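Q: Can you walk me through this one? I'd like the overall fold, then some details.

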Amino acid sequence: MSKFTSLSQQASFFVSVTDWRDLPPEDGAEIAFAGRSNVGKSSAINALTRRRSLAYVAKTPGRTRQINFFRLDDNGYLVDLPGYGYAKVPEAISRRWELLLSKYLQTRISLIGLVLVLDARHPLTPLDQQMLDWFAPTGKPVLILLSKADKLTRQQANRTLRKVNDLLAQFYPCSTAQLFSSATHTGLVKAEEVLAQWLKR
Ligand code: GDP
């Protein structure tokens, strides 16, 4: 099975950075996680690494936002990007983070793929599409997790998935979406398999 299914011992906090100059050397494949604040990104990282609090430990609401690197076995990293769309962030800080995020997504060579976590109830907001617009020109793959899928009926969830996948096929052909829930583990194994495939390349 994929190495992602037994990641619990292998994912550990590596470093937090707030500035481009402090990014670690590009010495391993990086998979970045992005998403609006509160969408379930930390929960998704914890579920995928089978660690109950890995991504929460590094989370500092109201304090300086950071890019958190979690080291995997085999020189890989999961990179937790700061949640966006939090209304209370002052314009100047929000602008600074936008620049850092866009630069990271557009130019980081060791970045091999992006996991974009969306709320299945409000998928593809303009800010989510902004992320895709920055990253899509790299031609690298994007996995969209339609998170909190447990809050929808099966019918609603499947309808949302179809809609999102139709849109992706049209505008972002390197992206695929799947349903996901950290609460019920819907889609967990499927997501692990995709990430393991990326790391194997
Ligand atoms: P982040 O800000 O994107 O990192 O979001 P968190 O992972 O901290 O989650 C925000 C809130 O949503 C928390 O109260 C979580 O318990 C809840 N949450 C996260 N994932 C799920 C999920 O799959 N289902 C449900 N029902 N709640 C979730």
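Predicted model: local features only at pLDDT ≥ 70, side-chain atom pairs only at ≥ 80, totals over all residues.

Q: How are the planes of F69 and Y77 arranged as an aromatic pair?
A: Edge-to-face. The ring centres are 6.1 Å apart, with 80° between the planes.

Q: How many aromatic pairs does a search of the whole structure find?
A: Three.

Q: What lies over the face of F14?
A: R71 does, at 5.3 Å from the ring centre.

Q: And what lies over the face of W97?
A: That one is R96. R96 is 5.6 Å from the ring centre of W97.

Q: Step back a bit. What does the secondary structure come to?
A: Six helices and seven strands. Along the sequence the pattern reads β-β-α-α-β-β-α-β-α-β-α-β-α.

Q: What share of the residues in the protein is buried?
A: Buried residues account for 49% of the 201 residues.

Q: Among contacts between residues at least 6 apart in sequence, what share joins residues at least 24 apart?
A: That share is 75%.

Q: Now helix α1. Why is α1 described as largely enclosed by the rest of the structure?
A: Helix α1 covers residues 41-49, and eight of its nine residues are buried, so the rest of the structure largely encloses it.

Q: Which residues of α1 are the buried ones?
A: They are K41, S42, A44, I45, N46, A47, L48 and T49.

Q: What happens just after α1?
A: R50 comes there, with a positive phi of about 55°.

Q: Why does R108 count as buried?
A: Because its relative accessibility is 5%, and the cut-off for buried is under 20%.

Q: What does R108 touch, beyond residues up to four places away in sequence?
A: R108 touches L23, P24, P25, E26, E30, F69, K103 and K140.

Q: On to β5. Is G113 in that strand buried or exposed?
A: G113 lies in strand β5. At 0% relative accessibility, G113 is buried.

Q: What is G113 in contact with, leaving aside neighbours within four places?
A: E30, I31, A32, F135, P141 and W198.

Q: How far apart are the C-alpha atoms of G113 and S175?
A: They are separated by 9.8 Å, while the two residues are 62 residues apart along the chain.

Q: Where is S175, then?
A: In strand β7, residues 175-179. S175 counts as buried at 8% relative accessibility. Not counting residues up to four places away, S175 touches L132, V142 and L168.

Q: Which residues lie nearest the centre of the second largest pocket?
A: Y84, G85, S94, E98 and L127, out of 15 lining residues. The elements giving two or more residues to that lining are α3 (91-107) and α4 (126-135).

Q: How do the residues of that lining divide?
A: Nine are nonpolar, four polar and two charged.

Terms used:
Residues numbered from 1 in each chain as written. Heavy atoms only, no water. Phe/Tyr/Trp six-rings, centres within 6.5 Å; stacked < 30°, edge-to-face > 60°. Lys NZ or Arg CZ within 6 Å of the ring centre and 35° of its normal. 1 Å grid on protein atoms, 1.4 Å probe; cavity = no way out; pocket = protein on both sides within 12 Å on 5 of 7 lines; lining within 4 Å. Helix = DSSP H or I, 4+ residues; strand = E, 2+ residues; numbered from the N terminus. Nonpolar A, V, L, I, M, F, W, Y, C, P; charged D, E, K, R; others polar. Buried < 20%, exposed > 50% of the residue type's maximum accessible area, 1.4 Å probe, protein only. Contact = heavy atoms within 4.5 Å.
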